[in-house]
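Here is a short report on one protein model. Keep the structure open as you read, and find each element as it is named.

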Amino acid sequence: MDKDPGFIAAVEEAKNGAGEGGVPIGAALVSKDGKILGVGHNMRVQKGSPILHAEMAALENSGRLPASAYEGATMYTTLSPCDMCTGACILYKVKRVVIGENKSFMGGEELLINRGKEVVVLDNHECREMMARFMKEKPELWNEDIAV
């Protein structure tokens with residue numbers, strides 16, 4: 001699954017975010033038929049936004065779609081989604097959430113499972129390395145991002 005186009009797009013988005021001086025988390029929303037609907041990366045630093053996490057940016061960049069477009073979709077994300085992003089996945093009836101890694105941060109995975117969503121954790125080395133480097137180099141931004 002590390003070679004899935006949705007996951008590859010999410011990793012590229014995380015790299016884009018890091019390259020812009022932001023938090024290296026990326027996401028991609030993929031329809032049930034495999035079409036990438038939208039991609040995004042964490043933009044809290046770049047836009048001064050309290051809510052533009054990667055998953056929220058991917059949803060935003062998907063544009064206004066009918067509810068049926070989200071139903072059965074997969075959200076690929078490089079890091080376990082926070083409660084806000086977990087809620088968005090539940091609200092829009094995303095069927096599956098594929099997570100690059102959850103060692104740096106454990107988000108709402110249990111809630112997703114309890115709400116009938118499929119959760120796949122890849123424990124991807126590249127995702128772990130990106131987050132470890134960021135957390136070491138910019139601990140203040142990391143703590144701000146996870147509301148510590």
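## Helix α5 and its cover

The buried residues of α5 are covered by elements that include α3 (54-62), β3, β4 (96-101) and α6 (109-114). The model is a predicted one. Helix α5 spans residues 83-91. Which of its residues are buried? They are Cys-85, Thr-86, Ala-88, Cys-89 and Ile-90. After α5 comes Lys-93, which has a positive phi, near 60°.

Now look at α3 against α5. The two helices pack at an angle of about 35°, and their axes are 8 Å apart. From α3, the contact uses Glu-55, Met-56 and Leu-59. From α5, it uses Met-84, Cys-85 and Ala-88. By class, this contact of α3 with α5 has five nonpolar residues, one charged residue and no polar ones. An α-helix has 3.6 residues a turn, so residues three or four places apart point the same way.

## The sheet

Next, trace the strands. Five of them form an open sheet in the order β2-β1-β3-β4-β5, and the pairing is mixed. Which strands stand at the edges? They are β2 and β5 (118-121). Each has a single partner strand, so one side of each has no neighbour in the sheet. On average, neighbouring strands of this sheet are turned by 15° against each other, direction ignored.

Strands of a sheet pair through backbone hydrogen bonds, either parallel or antiparallel. Both kinds can be found here. β4 and β5 run parallel and are joined by four bridges. Ile-99 stands opposite Val-121 of β5. β1 and β2 (residues 36-41) run antiparallel, with five bridges between them. β1 also pairs with β3 (residues 74-79) in the antiparallel sense, over four bridges. Helix α3 lies across β1, β2 and β3, and it runs at about 140° to β2.

## A closer look at β1

Strand β1 covers residues 26-30 and is mostly covered: five of its five residues are buried. In a regular strand the side chains alternate between the two faces of the sheet.

Two residues of β1 show its pairing. Val-30 stands opposite Ile-36 in β2. Ala-27 has Thr-77 in β3 as its bridge partner. The hairpin of β1 and β2 has five residues between the strands, and there Gly-34 takes a positive phi near 90°.

## Helices α1 and α7

Move on to another helix pair. Helix α1 (residues 5-19) packs with helix α7 (residues 125-137) at an angle of about 15°, and the axes are 11 Å apart. Therefore α1 is roughly parallel to α7. Their crossing is left-handed.

Phe-7, Val-11, Ala-14 and Lys-15 make the contact from α1, while Glu-126, Cys-127 and Met-130 make it from α7. What classes do these residues belong to? Five are nonpolar, two are charged and none is polar.

## Leu-141 in helix α8

Finish with one residue. Leu-141 lies in helix α8, residues 139-145. Is Leu-141 buried or exposed? Its relative accessibility is 18%, so it counts as buried.

Leaving aside residues up to four places away in sequence, Leu-141 touches Gly-21, Val-45 and Phe-134. Now compare Lys-117. It is 24 residues from Leu-141 in sequence, and 30 Å away in space, C-alpha to C-alpha.

Key. Residues are numbered from 1 along each chain as its sequence is written. This is a predicted model: local features need pLDDT of at least 70, side-chain atom pairs count only at pLDDT 80 or more; totals for chains, interfaces and linings use all residues. Side-chain values use heavy atoms; hydrogens and water are left out. Buried means under 20% relative accessible area, exposed over 50%, partly exposed in between (1.4 Å probe, protein chains only). Contact means heavy atoms within 4.5 Å. Two strands pair if DSSP finds at least two bridges between them. Axes are lines fitted to C-alpha atoms, for helices over the stretch in contact, and angles run from 0 to 180 degrees between N-to-C directions. Angles under 35 degrees count as roughly parallel, over 145 as roughly antiparallel, 65 to 115 as roughly perpendicular and the rest as oblique. A crossing is left-handed if the near helix is turned anticlockwise from the far one by less than a right angle, and right-handed if clockwise. Ala, Val, Leu, Ile, Met, Phe, Trp, Tyr, Cys and Pro count as nonpolar, Asp, Glu, Lys and Arg as charged, and the others, Gly among them, as polar.
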